[in-house]
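Open the model in your viewer and keep the sequence panel beside it. The tour goes from one selection to the next and says what is there.

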Amino acid sequence: KRAEGFDTSRQMLAVARAALDEMPDEKAAVRFGDIYDPPIASAAADLVTIHHVLHYADDPAAALSEAARVVKPGGVVLVVDFSPHDLVEVKRVHAHVHLGFADNQVQGWLRSAGLNPLEPIHFPGRRLMTGIGPAERELRAGTAPNVTHPAHGVSR
């Protein structure tokens, strides 16, 4: 029904706003916000997507913990980032903090945050391979499932 993004970079927000201005639908917005303290209420989101952000994070586990806090029971957290690589120049040129992440590392953080990691998906064939780490928030007893898993197409 609605998408909301946030970033601490005013430059990235300007780029995102320019892209949104070209869209006819006004159901998406971006605003200033920190991944360690997202401006979203607990259990308010059906889907949380963290797209190529964790490699900039000083504390990826804390960021995923906040994603778990804001996703509803039955909701999905989708992490898209680089798999491990040895391109150390990205630290200097693009200010990356991490050189990608192993599946078990991301899955461990998701599990520690109280989420149920699902099978990761990889897109090989590029110099920097991208991996997708989906996870679900378990439904509370007595609630009806209402989420279709975006990576697997499985209704939950």
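Start with the residues around the largest cavity: by class, eight are nonpolar, five polar and two charged. Here Ala, Val, Leu, Ile, Met, Phe, Trp, Tyr, Cys and Pro count as nonpolar, Asp, Glu, Lys and Arg as charged, and the others, Gly among them, as polar. The model is predicted: local features need pLDDT of at least 70 and side-chain atom pairs pLDDT 80 or more, while totals for chains, interfaces and linings use all residues. Residues are numbered from 1 along each chain as its sequence is written, and side-chain values use heavy atoms, without hydrogens and water.

Select Phe101, Asp103, Val106, Gly131 and Gly133, which lie nearest the centre of the largest cavity among its 15 lining residues. Strand S4 (71-82), helix H4 (103-112) and strand S7 (130-136) each give two or more residues to this lining. S4 provides the largest share, four residues. The volume of this cavity is about 120 Å³. Helices (H or I, at least four residues) and strands (E, at least two) are DSSP runs, numbered from the N terminus. On a 1 Å grid over the protein atoms alone, a cavity is a set of points where a 1.4 Å probe fits but cannot get out, and a pocket is an open set with protein on both sides within 12 Å along at least five of seven lines; lining residues have an atom within 4 Å of a point. Grid points are joined across faces, edges and corners, and a volume is the space filled by probe spheres set on the points.

Next, which residues are closest to the centre of the largest pocket? Select Glu4, Gly5, Phe6, Thr49 and Ile50, out of 42 lining residues. The pocket holds about 1,500 Å³ of space. S3 gives the largest share of its lining, seven residues.

Now show strands S1 (residues 3-7) and S2 (residues 28-32), which pair in the parallel sense over five bridges; strands pair if DSSP finds at least two bridges between them. Phenylalanine 6 is opposite arginine 31 in S2.

Last, select alanine 43, in the loop between S2 and strand S3 (45-51). Its phi is near 55°, a positive value in a residue other than glycine. Is alanine 43 buried, exposed or partly exposed? Alanine 43 counts as partly exposed because its relative accessibility is 30%, where buried means under 20% relative accessible area, exposed over 50%, and partly exposed in between (1.4 Å probe, protein chains only).
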